[in-house]
Amino acid sequence: MSKYEFPVTRTATPAAKPDPDNLGFGNYFTDHMFRIDYTEGKGWHDGRIIPYAPIEMDPAAAVLHYGQSVFEGLKAYRAKDGRILLFRPDMNAKRTRNSNKRMSIPDIPEELFVEAVKAAVRADADWVPAKEGTSLYLRPVIFGTEAFLGVRPAKQYTFLVIMSPSGSYYKGGMKPTKIFVENEYARSVQGGTGFAKISGNYAPGLVSQEKAHALGCDQVLWLDGAERKYVEEIGTSNAFFVIDNEVWTASLELGTILPGITRDSAITLLKDWGYDVKEKRFTFQEIYDAWEAGRLKEVFATGTAAVISPVGEFFWEDKHMVIHDGVIGEISQKLFNTMSAIQRGDAEDKFGWTVEVEL
Ligand code: COI
């Protein structure tokens, strides 16, 4: 039994459900949302489910000026037997605690986070789509609301969970992506905020994403902030490289990489299948050299929204690399199939990752 109970105010005007064949990502929002507020001296208070609607904010709210904001992404899946499953929500709760700490936002206890997510899903359970490849994408977001222009942590915050029935992140579903390797701008530096899931990590990347799109690419591969040599991550996901019989991904210890939950799950599955996974620091030159020598077998990205997204091409400086003949690799496909089956309750969950939302 949870110590959290959230009153529910239901909408008087429920929206029509969108066509499950044409959801895309992040286009539709459900009828309700979770809201809890924080006031210094009182803590988090008045957790509640309310109709989804615009929120009122003072024009001087801290988030609008100094960007005090953290967010998360996780999904609720509809199993064939009708149950609703969350995938590792405790990991999102833990990451939020780390992100909040980095952004001087008050701590959200793990149980409060998970119960908030469950309450939101319960309120809009009929919005969890059943079609394969779809899910209810959950977007927790926390931001400073105090009206004050001095630079210091706000004394008031709001934490919302909004929900969006979604299909695949990239148009056209799971197909090999084209990736632009960014050698001008950087996402993250040591001592910065790369490990935290904060809103401010994303806006500065948009200019690079525009550059990528202008070249016909889907996303950006970030290199390290100091030298633009070392591989960090792809715009909305972590990057994995299969070289000979090893699988490489950037290590977390410098604090510049987002500790992805799909990243962690992919590493666990790959190790379980006997792959030699190396979390380490490596340059894009090493990747290029391995590709030239025919040793780069496969590249894929992992993320909650992106799931497993194979990489078919890289554009790096004046070089163009085609990976695995531009078709989906065996490891990418196996990871996608296995992860999706576990998330939807179709495969044995031997690591205990799924959490049922009791209705
Ligand atoms: C996610 O995968 O959940 C993300 O937050 C990535 C992106 C859509 C911002």
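Helices (H or I, at least four residues) and strands (E, at least two) are DSSP runs, numbered from the N terminus. This is a predicted model, in which local features need pLDDT of at least 70, side-chain atom pairs count only at pLDDT 80 or more, and totals for chains, interfaces and linings use all residues. Residues are numbered from 1 along each chain as its sequence is written, and side-chain values use heavy atoms, with hydrogens and water left out.

Strand S4 (74-78) and helix H5 (261-272) each bring at least two residues to its lining, and S4 gives the most, with 3. Among the lining residues are Gly73, Tyr77, Ile261 and Thr304.

Next comes the ligand. Its surroundings include Phe71, Gly73, Arg139 and Thr304, each with a heavy atom within 4 Å of the ligand. The table lists its polar contacts (pairs of N or O atoms within 3.5 Å).

| Residue | Part of residue | Distance to a ligand oxygen |
|---|---|---|
| Tyr137 | side chain | 2.6 Å |
| Ala305 | backbone | 2.8 Å |
| Lys197 | side chain | 2.9 Å |

Taken alone, the ligand exposes 280 Å², and the protein buries 91% of that (accessible areas by the Shrake-Rupley method with a 1.4 Å probe).

Definitions and conventions
1 Å grid on protein atoms, 1.4 Å probe; cavity = no way out; pocket = protein on both sides within 12 Å on 5 of 7 lines; lining within 4 Å. Polar contact = N/O pair within 3.5 Å; in protein donor to acceptor, adjacent residues only side chain to side chain.
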